[in-house]
Amino acid sequence: MIEKMKFLSITGPKTDIDRVVNEYLSKYEIHLENALTQLTEVRHLSPYIQINPYKELLSKVNEFAGMLKNPQEIPVRDISLEEIQPLVQSLDEKLSKINKRCEELKEQKTALQEDMKKMFPFLSLPEDVDKLIHYRFVQVRFGRIPMEYYGKFKEYVYDNLDTMFYPCYQDDYVWGLYFVLWTKMEQVDAVFSSMHFERIYLKKDYYHGTPQKIYSEFEAHLENLNREYEKCQEKMQRLLEGDASLILSAQVVLNALSTNFDVRKVAACVKEHQETFYILCGWMTQKDAAAFTKEIENDTKLFCIIEDDKNKISSTPPTKLKNPKLFKPFEMYVKMYGLPDYHEIDPTIFVALTYSFIFGAMFGDVGQGLLLVIGGFLLYKIKHMNLAAIIGIAGIFSTFFGFMFGSIFGFEDVIDAVWLRPVEAMTLVPGLGNMNTVFVVAIVFGMFLILITMVFHIINAVHSRDLENTWFDQNAVCGLVFYGMLTASALLFLTGHALPAAVVLGIMFGVPLLLIMFKEPITRVLTKKGPAIEGSKAMFLVQSFFELFEIMLSFLSNTLSFVRIGAFAVSHAAMMGVVLMLAGAEDGGSINWLIIVLGNLFVCAMEGLIVGIQVLRLEYYEMFSRFYKGSGKEFQPFFKNTVTK
């Protein structure tokens, strides 16, 4: 169901807005609209502009709260704004000092890791690095050369060049160093550069000893830095944990204060007799609106006007769904298609009943149905997933139809069928011969559902005061009369009763179809909007004829689409027959219970998924498409029952 909404216009002295928000509005859920866009007829309106004084404080508290471990286990208590400000200031000063040291250590770690990265490829070098860097007559170049160029270098260049290259390490590159005399330096450097040699620059007077020794010292230093960094982090954590309750309490209060202050973003101001007043506009549920007006009736500084959506309000009322707890999980399917408009029927209960019933008919098995019930509700209890609750409810209907079909874990000789067995039951259809009973029942059931959705369409059109969609559309009264007569005739034919007279049939079929075909000109004439037919009459007739032909085809395809209900009921029995055959349960021999268990689990999972999707397809394409638009806007409360102190 959709909650009834009331539109509120709230006004009072500009300086009094915080009191009103904290004392009254924060207790209720109100969907606020921008007052400037709503009150277009009011003159001299201006936006309410003021900087949020809690924003910076809240940002700091959120930062502190984000660093706490297991915040859900920390108790929250009452705290005033006067206590929050010194708390945040003190924590910020202490944490800034610790954090500054943490950043210094982090920079040192990054620099040290970069030095270790430089030194790692040269660990096999046995010589003192400092000595190599400070040779007097020979220059040493550390670096790397791509593997592909190193082969060319050795084969074509190295033997004719006045240098010595010492390789230390290989990956995609050959890492090493070369020695060159001062007098040959420019020539040799140029050749190595042409071979894509990438030089690594080592700082002088920084590396002492062999690479192995230097790398070990770096590792020890890095370990010390890591220990010191962890101590800094622990110090910050201890400091925060000491005030954890105060931090989270401050976060709750500041969130409420900041949200309440932000109400100014949608408020407007107007000046009257040298005093400035604020104006707030929004939607409340009928129940909340009544409670709000009763609470403020003795407040002399507050004035409120309450209207409903019929009083030429420019904004569309938001939609707030309210369904019994049993049906609430099915709101997920409705919202997936689109939230209902405020003036539409909420199809949640209809979806819950039809989805569960059709799922059970397509997947009727006592044992597997109970597995769905247990698994679904257990998962819902643990994870609170709406889909899990839907599976549990659908499993109840699967269990019910399992008794109706006499099937338990695929065995059809353990319990008697209360109604019929889908594979065996046949019905004589006049003119068509014997047909599977569940197929016939599925089509009749589908026709019944299509008629119900047409009724929903008419109700929605009446609410919207749409003449064409009330009377002349394919899903309106004309469509209902035509398809209803078709359904009645089919039932009379199947049960062997005489059909109505040909004249009656002609009128009941022909008149509605003609009205559907000419719905546009008829509506134009009745509403006195423009000419009955725009453009060429011949073209209109041709176009209308083919549109009517398409409508007839859609009626046929939509009806036949419900055959899948019977098809899946039969296929389930067939699939479980295969499982029983593989397990040796049909030849009277010993039964392989492992195959029975695994087969049931496989069928339950695979067929459950496929049936779930197919039923949802029937809901959306064969039913929703006839009456439901899903163009509503969600009710989004600005305040969520948050009371600030």
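Predicted model: local features only at pLDDT ≥ 70, side-chain atom pairs only at ≥ 80, totals over all residues.
Beyond residues up to four places away in sequence, Glu-3 touches Thr-285, Lys-320, Lys-322 and Tyr-342. When residues up to four places away in sequence are not counted, Asp-16 touches Tyr-278 and Lys-301.

Thr-110 belongs to helix α4, which comprises residues 81–119. Thr-110 is 112 residues from Leu-222 in sequence, and the C-alpha atoms of the two residues are 9.5 Å apart. Asp-243 lies in the loop between α8 (211–242) and α9 (244–261). This residue is partly exposed, its relative accessible area being 22%; the value is not under 20%, and Asp-243 therefore does not count as buried. Asp-243 and Phe-64 are 179 residues apart in sequence, whereas their C-alpha atoms are 10.0 Å apart in space. With neighbours within four places in sequence left aside, Asp-243 is in contact with Leu-87 and Leu-91.

Helix α7 spans residues 185–194 and contains the buried residues Met-185, Val-188 and Phe-192. Viewed down the helix axis, the buried residues of α7 fall within an arc of 75°, and they therefore line one face of the helix. The elements against which these buried residues pack are the strands β4 (138–146), β5 (164–170) and β6 (173–181), together with helix α6 (147–157). After α7 comes His-196, which has a positive phi near 65°.

Phe-409, which is not a glycine, has a phi of about 55°. Its position is in the loop between α14 (386–405) and β11 (426–429), and its relative accessibility of 31% makes Phe-409 partly exposed. Arg-465, also not a glycine, has a positive phi of about 55°. This residue lies in the loop between α15 and α16 (467–471). Arg-465 counts as exposed, at 75% relative accessibility.

Thr-354 is part of helix α12, residues 348–362. Its relative accessibility is 7%, and the residue therefore counts as buried. A polar atom of the Thr-354 side chain lies 2.7 Å from the backbone oxygen of Phe-350. Residues up to four places away in sequence being excluded, Thr-354 touches Leu-449 and Glu-619.

A search of the whole structure returned one cavity of 30 Å³ or more. The largest cavity holds about 50 Å³ of space. Its lining consists of Gly-364, Phe-405, Ser-407, Glu-412, Pro-422, Ala-569, His-572 and Ala-573. Helix α21 (residues 563–582) provides the largest share of this lining, with three residues. By class, four of the lining residues of the largest cavity are nonpolar, three are polar and one is charged.

The second largest pocket has a volume of about 520 Å³. Its lining comprises 23 residues, and those nearest the centre of the pocket are Ile-443, Met-447, Ala-490, Leu-556 and Thr-559. Helices α15 (437–464), α17 (477–494) and α20 (537–560) each contribute at least two residues to the lining of this pocket. In terms of class, the lining of the second largest pocket contains 21 nonpolar residues, two polar residues and no charged residues.

Note on methods: Residues numbered from 1 in each chain as written. Heavy atoms only, no water. Helix = DSSP H or I, 4+ residues; strand = E, 2+ residues; numbered from the N terminus. Buried < 20%, exposed > 50% of the residue type's maximum accessible area, 1.4 Å probe, protein only. Contact = heavy atoms within 4.5 Å. Arc of directions from axis to C-beta. Polar contact = N/O pair within 3.5 Å; in protein donor to acceptor, adjacent residues only side chain to side chain. 1 Å grid on protein atoms, 1.4 Å probe; cavity = no way out; pocket = protein on both sides within 12 Å on 5 of 7 lines; lining within 4 Å. Points joined across faces, edges and corners; volume = space filled by probe spheres on them. Nonpolar A, V, L, I, M, F, W, Y, C, P; charged D, E, K, R; others polar.
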